[in-house]
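Student: I have the sequence and the coordinates open, and I'd like to learn to read them feature by feature. Can you walk me through it?

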Amino acid sequence: MSAVADNYAKLQELGVEVLSVSVDSHFVHKMWNDHELSKMVEGGVPFPMISDQAGNVGRAYGVWDEGQGIELRGRFIIDPDGSIQAMEVMTPPVGRKLAESVRQIQAFQVVRESQGKEATPAGWEPGLPTLKPGPELVGNVWKVWKPSMEK
Amino acid sequence: MAEPPAGCGRVTGSVVGGTPADETPIPDETPKEEKAMAVRVGQKAPDFEAPAYHKGTFTNVKLSDHLGKWILLCFYPGDFTFV
């Protein structure tokens with residue numbers, strides 16, 4: 001959470017709204033922000049920290065763990081039309097790497113801006129060439145993209 | 001946004017941008033059966049409205065209020081966990 005808060009400016013620049021969700025009450029969210037996160041991130045958590053005590057939202061997204069009564073580490077990228085473009089769900093002991101979410105959002109934004117005419121190859125990062133899928137590209141991806149181009 | 005949070009977060013029963021089928025909260029009375037709505041990429045996100053803490057205030061967040069922007073929605077196991 002602190003990593004996301006710390007990179008919030010970058011996400012804002014990309015026009016991304018962040019929403020975090022856990023089963024803790026909004027009162028506990030305030031305590032966590034005031035007593036810990038605000039000491040890790042200047043100014044505290046800048047995005048809404050949602051409370052889902054009954055797990056209804058988590059169930060709807062398939063991240064509710066019935067046995068533990070908690071939500072798994074689920075991350076969803078939702079586009080401006082409300083469509084889910086990417087999802088990742090992890091068990092609790094391993095944390096996420098925000099840079100990968102940012103990269104995916106940037107890639108989805110490129111695809112969206114091209115109205116689906118462009119695609120991003122494996123390992124793509126901003127600044128690297130995109131692919132223009134079509135008959136000419138079949139069998140010719142090697143001319144524009146090699147795995148060694150991945151940063 | 002100004003409305004104070006009331007009760008638990010709930011799904012509207014609709015997807016983002018859709019019309020909620022029923023505005024009244026439906027209590028889950030069948031906990032044994034996991035009635036998880038299957039989310040899939042390329043499909044509309046389930047809409048929800050839930051209480052939240054945001055920069056010093058308590059508020060309500062409705063996902064569909066953010067239509068038109070990219071959303072990074074992150075679930076995590078609990079506050080005060082360290083990962």
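Student: What share of the 83 residues of chain B counts as buried?

Tutor: Burial here is a neighbour count: a residue is buried if 20 or more other C-beta atoms lie within 10 Å of its own, exposed if 12 or fewer, and partly exposed in between, with C-beta atoms placed from the backbone. On that count, 34% of the 83 residues of chain B are buried. For chain A, with 151 residues, the figure is 34%. Keep in mind that this is a predicted model, where local features need pLDDT of at least 70 and side-chain atom pairs count only at pLDDT 80 or more, while totals for chains, interfaces and linings use all residues. As for labels, residues are numbered from 1 along each chain as its sequence is written, and chains are lettered from A and ligands numbered from 1 in the order in which they are written.

Student: How many helices and strands does chain B have?

Tutor: Helices (H or I, at least four residues) and strands (E, at least two) are DSSP runs, numbered from the N terminus. Chain B has zero helices and four strands, so to speak a plain β-β-β-β when read along the sequence. For contacts, the test is C-beta atoms, placed from the backbone, within 7 Å. Of the chain B contacts with a separation of 6 or more, 62% are between residues 24 or more positions apart.

Student: Can we take one residue as an example? Where does D47(B) lie?

Tutor: D47(B) sits in strand 2 of chain B, residues 46-54. It counts as buried because it has 23 C-beta neighbours inside 10 Å. Leaving out residues up to four places away in sequence, D47(B) touches V11(B), T12(B), S14(B), V15(B), V16(B), G18(B), L63(B) and S64(B). T12(B) is 35 residues away along the chain, yet the two C-alpha atoms are separated by 5.8 Å.

Student: And chain A? What pattern does it follow along the sequence?

Tutor: Chain A has six helices and six strands, in the order α-α-β-α-β-α-β-β-β-β-α-α. Its radius of gyration, taken over C-alpha atoms, is 19 Å, well over the 15 Å that the globule rule (2.2 Å times the number of residues to the power 0.38) gives for 151 residues, so chain A is more spread out than a compact globule. Along the principal axes, its C-alpha trace spans about 55 × 35 × 30 Å. Of the chain A contacts between residues at least 6 apart in sequence, 43% join residues at least 24 apart.

Student: Which strands of chain A pair with strand 4 of chain B?

Tutor: Two strands pair if DSSP finds at least two bridges between them. Strand 1 of chain A pairs with strand 4 (residues 70-75) of chain B in the parallel sense over six bridges. In that pairing V18(A) stands opposite L72(B), and S20(A) is opposite C74(B). Strand 5 of chain A pairs with strand 4 of chain B in the antiparallel sense over four bridges, with L73(B) as the bridge partner of F76(A).

Student: Why is strand 4 of chain B called largely enclosed?

Tutor: In a regular strand the side chains alternate between the two faces of the sheet. Here W70(B), L72(B) and C74(B) are on one side, I71(B), L73(B) and F75(B) on the other, and all are buried. Six of the six residues are buried, so strand 4 of chain B is largely enclosed by the rest of the structure.

Student: What does helix 5 of chain A pack against?

Tutor: Its buried residues pack against strand 1 and strand 5 of chain A together with strand 4 of chain B. S101(A), I105(A) and A107(A) are buried in helix 5 of chain A. The buried residues fall within an arc of 165° (from directions between the helix axis and the C-beta atoms), so they line one face of the helix. The face turned away carries the exposed residues A99(A), E100(A) and E113(A).

Definitions and conventions:
Contact = placed C-beta atoms within 7 Å.
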